[in-house]
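Good morning. Please have a look at the structure on the screen, and I will go through a few parts of it.

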Amino acid sequence: MIECPGIQKKTIRAHYDLSTLFYRLMWGPHIHHGLWQANESSRQAQVQLVEHLAKLAEIQKGARIVDVGCGMGGSSRWLASKLKCRVTGVTLSPVQRRWAQVASLFASPGSGLHFVCQDAEQIEFPQTSVDVVWSIECTEHLFEKANFFQRAAGWLKPGGKMAICAWLAGQNETCADTVQHVQRVCEGMFCPSLGTQADYEQWFSQAGLQVVESQLWTDRVMKTWEICKSRVEKSGVRALARMLGKEHVLFLDRFTAILEAYQNRTMEYGCFVGVKAGGNCG
Ligand SMILES: C[S@@+](CC[C@H](N)C(=O)[O-])C[C@H]1O[C@@H](n2cnc3c(N)ncnc32)[C@H](O)[C@@H]1O
């Protein structure tokens, strides 16, 4: 794991409170990478990432799901509308909670979607009450990652699954250049640390979850940053960021660092599915 000291939770919350509107305008209802197969639109690629994770995790119709770090509720709505899942979305940002709640009323009224503004590192759900813990690109922001996996595994029913997509530190995590490069990304993107693929596998195992999928999608997601860089350059968003504060400028400036980190493998993009022993539920 590569750590980036100095990141604060209140900064992560403030970032998402302020930037959610811009994510929506510049990227779409999902705040995560696209997964490309060919030349699909960025919108389509974002949905493909959700579809692919759901397929790998073999999520069953009607499953009870906790969507950890739910953003604007993009995944939660997809799971509710396509698979009739009952989803509780958790976000650190009060703005995102309200956004997700309102968007779900328009998109799938009466769907059983529910959103809460709480810290995933503090929230509790009853033990063995959940079929799936789902999280796309939130664990990067957590401070005690191993501890989160332990707690979240407790929410799962026997046979329940944890499905995670995450930005990763590359394999060469002890190399000084890798550490420096990953720290530049973490600083701009408000991540207190990035785990490696091996770290995630270990956190799953230590939490009593058998890793059934551990895949790297780096080549298929990195186009995200070419598109984002180009959209930032073509729009006036950098001028706006300057007015909002230096951390927002830094965030935009680090898009190039992420793209390069994927290209030289100082970072990877990972997808994991783990299963809790016993039972037979999705
Ligand atoms: C990159 S966004 C991903 C959003 C969503 N999963 C998606 O794919 O559209 C990261 C999300 O993690 C949430 N987050 C970060 N730290 C969190 C924490 N400690 N507890 C709950 N949510 C957190 C942010 O509020 C944001 O919604």
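Predicted model: local features only at pLDDT ≥ 70, side-chain atom pairs only at ≥ 80, totals over all residues.

Strands E3 and E4 pair in the parallel sense, over four bridges. As a reminder, strands of a sheet pair through backbone hydrogen bonds, either parallel or antiparallel.

Now the whole sheet. It is open, with seven strands in the order E4-E3-E2-E5-E6-E9-E8, and the pairing is mixed. Which strands are at the edges? They are E4, residues 114-117, and E8, residues 209-216, each pairing on one side only. On average, neighbouring strands are turned by 15° against each other, ignoring direction.

Next, the helices. H4 packs on the sheet and touches E3 and E4, with its direction at about 170° to that of E4. Helix H7, residues 197-206, lies across E6, E8 and E9, and runs at about 160° to E8.

H4, residues 94-107, also packs with H1, residues 9-26, at an angle of about 40°, the axes being 7 Å apart. The two helices are therefore oblique to each other. H1 contributes Tyr-16, Asp-17 and Thr-20 to this contact, and H4 contributes Pro-94, Val-95, Gln-96 and Trp-99. By class, that is four nonpolar, two polar and one charged residues.

Last, the ligand. How many residues surround it? There are 23, and the closest are His-32, Gly-69, Gly-71, Ala-120 and Cys-138. H1, H3 and E3 are the elements that give two or more residues to this shell. The shell divides into ten nonpolar, ten polar and three charged residues.

Terms used: Residues numbered from 1 in each chain as written. Axes fitted to C-alpha atoms, helices over the stretch in contact; angles between N-to-C directions. Parallel < 35°, antiparallel > 145°, perpendicular 65-115°, else oblique. Contact = placed C-beta atoms within 7 Å. Nonpolar A, V, L, I, M, F, W, Y, C, P; charged D, E, K, R; others polar. Near = placed C-beta within 6 Å. Pairing = 2+ DSSP bridges.
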